[in-house]
Amino acid sequence: YSRALLYSKANLSAKFPLPEQVQVQAAQKRTAGLGKIDPTSYAEPELVTTLHSVLNWKVDFEKKYLKGSVMHHFKALQKDLPAILLDVRNMKILKVELVGEKANIPLKHRISDPAGDMGAKLTLELPEDTNTADLYVNIDYETSNNASALQWLAPEQTLGKKHPFMFSQCWAIHARSILPCQDTPAVKFTYRATVEHPEELTALMSATVLKRENSRTTFVQDVPIPSYLLAIAIGKLVSKPLGRQSNVWAEEDIIDECAEEFSDTLDILKVATDISGHFVWKHCDLLVMPPSFPFGGMENPCLIFVTPTLLAGDKSLSNVIAHEIAHSWAGNLVTNKNFEHFWLNEGIAAFLESKIIGRMRGNKERDFHMLRNLSELKECIQTQLADRPELTKLVVDLSNCTPDEAYSSVPYIKGSIFLRYMEDLLGGSEIFERFLRQYWQRNAYNSVSSEDFKQALCEFFSKTNRRQKLSLINWDLWLNGEGMPPTIPRLDQSLASVSKRLALFWATKTVVELNNSPQLKEQISVHQLIDMLGKIVESPGMKGLNDQKIELLETTYNLKETKNVEIRFHLMRLYIMAKSMGRLDEIFNFLNSNFRLKYIRPIYRDLVNWPAAKPKAIENFKRVKGQMMAICSHAIEKDLGFK
């Protein structure tokens with residue numbers, strides 16, 4: 001390599017602020033953890049940072065691995081750096097060289113300190129006389145065929161059944177399984193990638209395409225990103241334009257359906273930009289993933305990954321698109337320094353998502369959306385986190401716990417409620433949005449902690465007529481308190497009251513009483529229907545739940561024909577509550593039709609508590625486990641009591 005290859009544009013680093021000397025906060029407080037800045041990374045961002053990376057990958061579908069190299073441009077933040085520490089997981093390092101002006105110098109390297117799912121430490125020893133701040137290091141390597149960030153699908157696991165498919169999911173700490181790197185959000189870098197792949201397949205990345213040749217595609221991302229936003233997908237894909245700045249990608253059989261479902265993408269982006277300010281990413285494409293994708297969406301810049309479970313046929317689940325677009329600012333532009341402060345990414349994105357809904361569908365819908373989220377949060381705290389109350393804090397301790405283990409709806413919903421509470425307290429939407437725009441501007445391309453956010457907010461509002469209200473915010477209680485939010489903002493109940501009343505009606509009446517009631521003809525929206533079904537599932541005093549009652553529910557609201565996965569999810573849980581053995585095949589068909597954590601975890605947990613169905617649930621899981629991503633199968637193993 002020549003150094004000229006490192007940049008697609010001259011002097012990219014001048015365009016973005018260099019990370020300042022990273023403050024080491026509360027390092028002495030830790031009982032464990034890998035690094036001072038980030039307990040889930042061996043990297044030392046206080047000593048050295050990555051500015052730019054050049055990737056060369058050859059994708060091997062037969063062996064299910066990536067082989068190639070990465071050249072990192074590091075900036076040393078202290079003199080006489082003895083070594084550079086990187087994160088790796090299940091990979092083979094073939095050769096490491098310090099790239100010089102005249103010659104390359106081989107570097108001694110070793111992999112040590114394996115830490116389970118956190119991976120291991122790669123130490124690159126630097127020559128004693130290395131006193132330059134700019135270091136260029138080239139690493140030849142290959143991934144293992146079970147890299148935790150990669151999912152390899154055989155042709156029969158795809159929609160078209162003819163071609164294989166591969167995609168990555170690097171959040172939170174899985175980038176280390178596809179490249180040796182400083183796998184911490186405290187470090188942000190630009191990248192260029194050249195990918196060799198089968199000629200008949202299309203390669204996409206979280207970047208802009210620079211050049212497409214027959215079996216080689218070159219990409220560039222010239223806005224700095226954390227490693228978890230590195231993304232790749234390769235498959236038999238086609239695209240349709242959604243507008244000037246946006247395309248949707250999918251397998252051919254569903255591309256028209258996807259283009260119709262997501263036709264509002266640019267409207268959502270415009271509203272998000274009105275709220276948050278300048279959109280720094282060049283375009284906003286969507287890739288509709290295979291059903292094994294474990295999340296609703298992943299905010300990869302330039303290429304948002306979305307689950308096919310959003311294809312409801314009526315755009316009713318488009319709030320997920322709003323959430324992922326909101327990440328263009330919350331997380332992608334300004335990033336949590338480590339995943340203990342994950343609420344700064346997800347809580348602010350969920351808050352912006354609710355604001356976008358408010359702008360597009362009215363404030364009643366915004367409040368209804370937040371009330372539905374609160375119900376979801378309550379269930380999460382009472383079930384998933386019942387034995388882990390420490391994970392119900394907004395700022396969690398990851399000294400002895402991975403981000404995957406800590407993952408729940410808490411940072412999303414409790415975080416967004418905290419922001420709504422502050423918005424109401426400090427003068428409402430207009431002034432709070434002004435604060436957010438300043439926050440994005442001042443912290444752009446950097447990584448921040450909860451303390452940084454607190455300081456930014458207090459500094460902004462101390463200059464307004466609401467400054468005396470700042471003393472009312474109990475930061476310690478909000479950030480470090482367990483359980484539900486300490487204060488619930490006043491939210492408009494008019495839409496929620498309808499679904500609440502109807503849920504009570506269905507839960508407390510017998511089939512005979514239900515049949516004779518005029519309430520059966522009451523018209524409700526799809527979001528009220530979803531909320532009502534969720535509340536029926538949660539209802540403690542359910543009266544006479546049996547197949548007959550469920551069938552009446554299905555015919556009343558025409559549920560048998562629905563494509564809406566939220567509705568079908570609640571129905572499956574009702575079948576289990578009714579102990580309906582005749583519906584087991586339907587339940588397993590639903591479970592095996594998508595591996596989205598939000599839906600399959602609660603259903604497996606429900607099945608575990610139904611003795612007659614538990615062995616069948618275990619048998620089903622073992623049969624399909626190989627089709628799941630690691631983050632998904634590990635979570636289900638925990639729910640089934642295997643771990």
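Helices (H or I, at least four residues) and strands (E, at least two) are DSSP runs, numbered from the N terminus. This is a predicted model, in which local features need pLDDT of at least 70 and side-chain atom pairs count only at pLDDT 80 or more, while totals for chains, interfaces and linings use all residues. Residues are numbered from 1 along each chain as its sequence is written, and side-chain values use heavy atoms, with hydrogens and water left out.

- Thr158 sits in the loop that runs between strand E9 (150-153) and strand E10 (165-168).
- Its relative accessibility is 4%, so Thr158 counts as buried (under 20% relative accessible area; exposed is over 50%, partly exposed in between; 1.4 Å probe, protein chains only).
- Neighbours within four places in sequence aside, Thr158 is in contact (heavy atoms within 4.5 Å) with Leu153, His163, Pro164, Phe165 and Glu251.

**Thr158: side-chain polar atoms**

- A polar atom of the Thr158 side chain lies 2.6 Å from the backbone oxygen of Pro155.
- The Thr158 side chain also reaches the backbone nitrogen of Lys161, at 3.1 Å.

**Cysteines**

- The structure holds zero disulfides (a disulfide is a pair of cysteine sulfur atoms within 2.5 Å).
- Cys170 is in no disulfide, and the nearest cysteine sulfur, that of Cys181, is 8.0 Å away.
- Cys170 is buried, with a relative accessible area of 2%.
- For Cys380, the closest cysteine sulfur is in Cys401, and the 13 Å between the sulfurs is too far for a bond.
- Cys380 is buried as well, at a relative accessible area of 8%.

Methods
A polar contact is a pair of N or O atoms within 3.5 Å; within protein, one must be able to donate a hydrogen and the other to accept it, and residues adjacent in sequence count only if both atoms are side-chain atoms.
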